Amino acid sequence: MTENHPVKPRAGHTNLDPHLDRYAARTAGMTASEIRALFAVASRPEVVSLAGGMPNLAALPLNSLSTQVSEIITEEGLVALQYGSAHGIPTLRDQICEIMALEGISAHPDDIVVTVGSQMGLDMVTRIFCDPGDVVIAEGPSYVGALGSFTAYQAKVIHVAMDEHGLVPETLREALAQAKKNKLRVKFLYTIPNFHNPAGVTLAVERRAEILEICREYGILVVEDNPYGLLGFNGQVYPALRSTDPDNVVYLGSFSKTFASGLRVGWVLAPHAVREKLVLAAESATLCPPTLNQIIVSRYLSTHDWKGQIKNFQENYRERRDAILNALDNYMPPGCSWTKPDGGFYVWMTMPEGVDTKAMLPRAVTARVAYASGTGFYADGFGSRQLRLSYCYPTPERITEGVRRLASVLEAEMDLVRTFGSVTPRSISGPESPSPDTA
Ligand SMILES: Cc1ncc(COP(=O)(O)O)c(C=O)c1O
């Protein structure tokens, strides 16, 4: 580094980094979430973490899975431990078609690309469609990992509102009309129709056709992200957007929430015309998805009662959802509101006026409870009065205790607000943008 080349740290980089002047411009938006910054503290056993979206795997049949993995290596190790096709193994793609048929999707296995989790699908879809400055429309709030991918490709996100029935079609129409007027290049609508992360709401079936029609009218694709679709607490399964509009919907699926997140197996079902570009993008990212993991998933599907296992997951999460809703009813002070999910992992809460959930987070962690503050779920700094609670992982008793602790932190915060007005956000180490939310 020369004297006449002074380096100014970019947002999100520390000035201790000797490579500062080498990073690509797109890395400026890549920053860790405040939850990541607090992770070391939040993951201490005495802290009840309602922050992360880690699936609860305790009910998996570990012994029989272990036998099966050993059999796979013995019987077909030379295939399982070898490179495979970028497309994914054919048997698994056939099985994925059967799974998607539960949501009314009729797909050809050739149009499926197996990915390293649906997070990779998000990355690939953004990579093939978005140039810097292009616009992605997304619900507000939206999944942090998706916002991270959009930012990484320098796409701009415009949020559209949801209510308790999911994305509001009229706000989508308005946003698209405005974007057209401003000559913005909108590439796609990114939507999580079922058991939304983080909002906990589901898109009403009556709205689905209208949303597809608006997107067609404005010539934009729909990216339907559906990792929680089979986790309805009453066994209800909603028709996928993709089921009625195969040429205009890219569908993202995953085994992370219905089987095992650590195997990192997901998929993209693309319109036929897009499939080739996706395979090329997948090839350049990873050459191929892990063969062993795909075979593990495929064997599991063909030899285990996977539908019964999903039922187990539903019951497990329903019990936790009941615990969190009861605790919220019992402990939260007046002035708060929250969504009432009927599937998935998350409750979205709105705090009384003047409370800043990011500023409150260190105080909550000190009181041994963690949550994900709202601003990370928006690309535009909105969400300071909101937070996400995940009920998927802790036991019902711990969830109840966590909510009790949070309520007393909130009471103290509201006292401060009443005395001093709005509580000034305190800077905590780590900036605000999203990161994958396994914390
Ligand atoms: C809405 C949404 N999409 C995608 C993902 C990524 O899942 P995967 O583990 O398949 O990469 C998650 C994970 O939490 C999610 O909530």
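Okay, let's start with how the helix angles work: axes are lines fitted to C-alpha atoms, for helices over the stretch in contact, and angles run from 0 to 180 degrees between N-to-C directions. The elements themselves are DSSP runs numbered from the N terminus, with helices being H or I of at least four residues and strands being E of at least two.

Before I go on, this is a predicted model, where local features need pLDDT of at least 70 and side-chain atom pairs count only at pLDDT 80 or more, while totals for chains, interfaces and linings use all residues. Residue numbers run from 1 along each chain as its sequence is written.

So, the first pair. Helix α5, residues 117–129, packs on helix α10, residues 272–286, at about 115°, and their axes are 10 Å apart. From α5 you have Met120, Met124, Arg127 and Ile128, and they meet Lys277, Leu278, Ala281, Ala282 and Ala285 of α10. Contact here means C-beta atoms, placed from the backbone, within 7 Å. By class, that contact has seven nonpolar, no polar and two charged residues. For the classes, Ala, Val, Leu, Ile, Met, Phe, Trp, Tyr, Cys and Pro are nonpolar, Asp, Glu, Lys and Arg are charged, and the others, Gly among them, are polar.

Stay on α5 for the ligand. Which helix gives the most to the shell around the ligand? It's α5, with three residues. The ligand is surrounded by 15 residues, and the closest are Gly117, Ser118, Gln119, Ser254 and Ser256. To be near, a residue needs its C-beta atom, placed from the backbone, within 6 Å. That shell divides into three nonpolar, ten polar and two charged residues.

Now zoom out. The chain is divided into domain 1 (28–59 + 308–418) and domain 2 (62–303), with bounds from an automatic or database domain assignment. Taken over C-alpha atoms, the domain centres are 25 Å apart. At the interface, 32 residues of domain 1 are in contact with 30 residues of domain 2. On the domain 1 side, α12 (306–331), β11 (346–350) and β14 (386–390) each supply at least two residues, and α12 has the largest share, with six. That side has 16 nonpolar, eleven polar and five charged residues.

The axes of α3 (62–80) and α11 (291–303) come within 10 Å and cross at roughly 125°, which makes α3 oblique to α11. On the labels: under 35 degrees is roughly parallel, over 145 roughly antiparallel, 65 to 115 roughly perpendicular, and the rest oblique. Then α13 (357–366) and α14 (396–420) have axes that come within 10 Å and cross at roughly 130°, so these two are oblique to each other as well. There, Met360, Arg363 and Ala364 of α13 meet Leu406, Val409 and Glu413 of α14.

Most residues other than glycine have a negative phi, and most peptide bonds are trans. Glycine 140 and proline 141 are joined by a cis peptide bond, omega about 5°, and proline 141 sits in the loop between β3 (135–140) and α6 (144–152). Another cis bond joins asparagine 197 and proline 198, omega about 15°. And glutamine 154, not a glycine, has a positive phi of about 60°; look for glutamine 154 in the loop between α6 and β4 (156–163).

Definitions and conventions
Two residues are in contact if their C-beta atoms, placed from the backbone, lie within 7 Å.
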